[in-house]
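Please keep the sequence and the structure at hand while reading.

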Amino acid sequence: MIAAVITPSGWITLVVLAAAIVLFVGGWLAPEIVAVSAAGLLIATGVLEPSQALAGFGSPALITLLGMFVLSQGLLHSGALDRLRELLCSPRIRSQQQLVALLGGVVAPLSAVIPNTPIVAILLPVIEGWCRRRSISPSRVLIPLSVATITGGTLTLVGTSTSLLASDVSAGLGYGGFQLFSFTAIGIPVWLIGCLYLLLASRWLPDRGLNASGTLTELTREGYLTEVVLPRRSPLTGSTLHASRLQRRFDVDVLSVHRGGQRLQPPLAELRLKAGDRLLLRCTRGELLRLQQDQMVALAGTLLPADDDTPEANGKAAAEPTPIRLTEVLLPTGSLLAGSSLRELRFRQRFNATVLAVKRANTTLHERLGRLPLKAGDLLLIQAPLDAIRGLQENSELVVLDDLESDLPTTHRKWLAVLTMALVLLLSGLNVMPLVAAVLLGVGVLVVGGCLDASAALRAIRWDVFLLLGGLFSFSAALRQSGLAQLAAEGLLAQLQGWPVYAALVAVYALTLVSTELLSNGAAVVLLLPVVASLAEGLGQPPLVFIYAVVFAASQSFLSPIGYQTNLMVFSPGNYRFLDFLRFGWPLTAIYTLVIPAVILHVMGGG
């Protein structure tokens, strides 16, 4: 009977939707390619007009999301999260419970204004380093990191892309878009429940040990070797390594300290540092770029010539054109440079390039950079003019692996980035201007103010997310246009007729959870919102009550490592198994399934 009333456009929509679901689940194509191709099919078959199918790509919510990527990059790039990193590495955080409490109490609210993916990316090596120093398995704390950022993301509209996508779909359905703090009254209890659960349940997380292959520990141990010098005005001067903020604020290992041409003997933790001390560090390339821009230390290679301290070398260094580039070069097998040190090779004079760091796998290096004999397979991070790098590409003794701009963190613009983000939230939260306008103005301020250049702003945008969400919007339009949404709502209404509103809301929440785990949170939102909005009207309830249930269910994915991107990010570093997420996440999922619908009814006034 239902089949008889499905229109031809409805059948086409069903076929395209079924094919997209198969591809989403199978993973044979990137999700954004599936979404864009589906939109193209719906246009080609006449189900949607081009303006209808492509409306999502120009929607205010999606433009807001692109702007938020840039604002978040401005915060990260300027060093605004350095204090958080320092807090996580503080000696006062001694136990797993203390760290988990910090994740729930500080990191989770932060994810309400910064997308959780970059937060997890920047904190992963910091937390792994904390685990290594405390001899605590990363598997005891990394799932809580992901869960904390997920629960905190529902505090505001900009916390997750799911909420922004739902705002557009809701506006398209005629119920209006959401404001910045539309979810906050519901999100606060969700966040508090999540924090309490993390504190109680994290003690039962598995212990997978510290030495799992492929974890961040291995990556840290294979980091770059670099040499820094303490300038006269460094705040580190006069303090000990233990008391300084160097190792707490940056994920680095201090391998040795040289003073007056002599290598100081360990232990180094209580050694009082002096201006002119040279520290041999091991760190990642990202941390090295942060160190170059920070005021506490300076890279020795950028201050002193790599060869003997000759006026000729100094003059050549001073004459280098700007801007310069950073690039990685490999010393290939058979290179005539192998066996000689940078000083013996007069590397700076020979190649017009400064070696900032050396990376050598499976070897602990303690020699100063200038005296270190090079070996085949060494990876050098060099700083040089573009012309010099092009010259290296023609040199058979070195292989240029990449070429990236000297896009260094602008730590002196930190407060501008923080103030800009605060004003964006304040102006939109007080309804002084629409959120999209505040975000776009904020992007302009960051670029004009020097926190980011235009190219860095463009690189900060997740174009895969833009294509995915823009393409998914066409599904929602097709479901409404073909009448399938109304038919599905009528079928659900027949099943839920006579149920209490709370029970119907729990059923919708559970259905969204399953859809999210099988497909994705974005797909669940665009497919279910048109259906549940019609269902709510059939039940005589405010449609926003059921729309909010879908949004929160699609934003809370704890049951598998593939259900949410941050879960996948911590999967390998924590050496987890697939079922670890299910064991830890199902009690919290069950609690939310029962509690969130009740909170929504209490706040929204349904029932």
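In this predicted model, the axes of helix α5 (residues 60-78) and helix α20 (residues 414-429) come within 8 Å and cross at roughly 150°. Angles over 145 degrees count as roughly antiparallel, and α5 and α20 are therefore roughly antiparallel to each other. Helix α5 also contributes to the lining of the largest cavity, as do α10 and α23.

**Packing of α5 and α20**

- The crossing that α5 makes with α20 is left-handed.
- On the α5 side, the contact is made by Met68, Leu71, Ser72, Gly74, Leu75 and Ser78, while α20 brings Lys414, Ala417, Val418, Thr420, Met421 and Val424 to the contact.
- Sorted by class, the residues of this contact between α5 and α20 comprise seven nonpolar, four polar and one charged.

**Cavities**

- Three cavities of 30 Å³ or more are found in the structure, and the largest cavity has a volume of about 60 Å³.
- The largest cavity is lined by Gly56, Ser59, Ala61, Leu62, Leu65, Leu164, Leu165, Asp168, Leu469, Gly470 and Phe473.
- At least two residues of that lining come from each of the helices α5, α10 (161-173) and α23 (463-482).
- The lining of the largest cavity divides by class into seven nonpolar, three polar and one charged residues.

Note on methods: Residues are numbered from 1 along each chain as its sequence is written. This is a predicted model: local features need pLDDT of at least 70, side-chain atom pairs count only at pLDDT 80 or more; totals for chains, interfaces and linings use all residues. Side-chain values use heavy atoms; hydrogens and water are left out. Axes are lines fitted to C-alpha atoms, for helices over the stretch in contact, and angles run from 0 to 180 degrees between N-to-C directions. Helices (H or I, at least four residues) and strands (E, at least two) are DSSP runs, numbered from the N terminus. Angles under 35 degrees count as roughly parallel, over 145 as roughly antiparallel, 65 to 115 as roughly perpendicular and the rest as oblique. A crossing is left-handed if the near helix is turned anticlockwise from the far one by less than a right angle, and right-handed if clockwise. Contact means heavy atoms within 4.5 Å. Ala, Val, Leu, Ile, Met, Phe, Trp, Tyr, Cys and Pro count as nonpolar, Asp, Glu, Lys and Arg as charged, and the others, Gly among them, as polar. On a 1 Å grid over the protein atoms alone, a cavity is a set of points where a 1.4 Å probe fits but cannot get out, and a pocket is an open set with protein on both sides within 12 Å along at least five of seven lines; lining residues have an atom within 4 Å of a point. Grid points are joined across faces, edges and corners, and a volume is the space filled by probe spheres set on the points.
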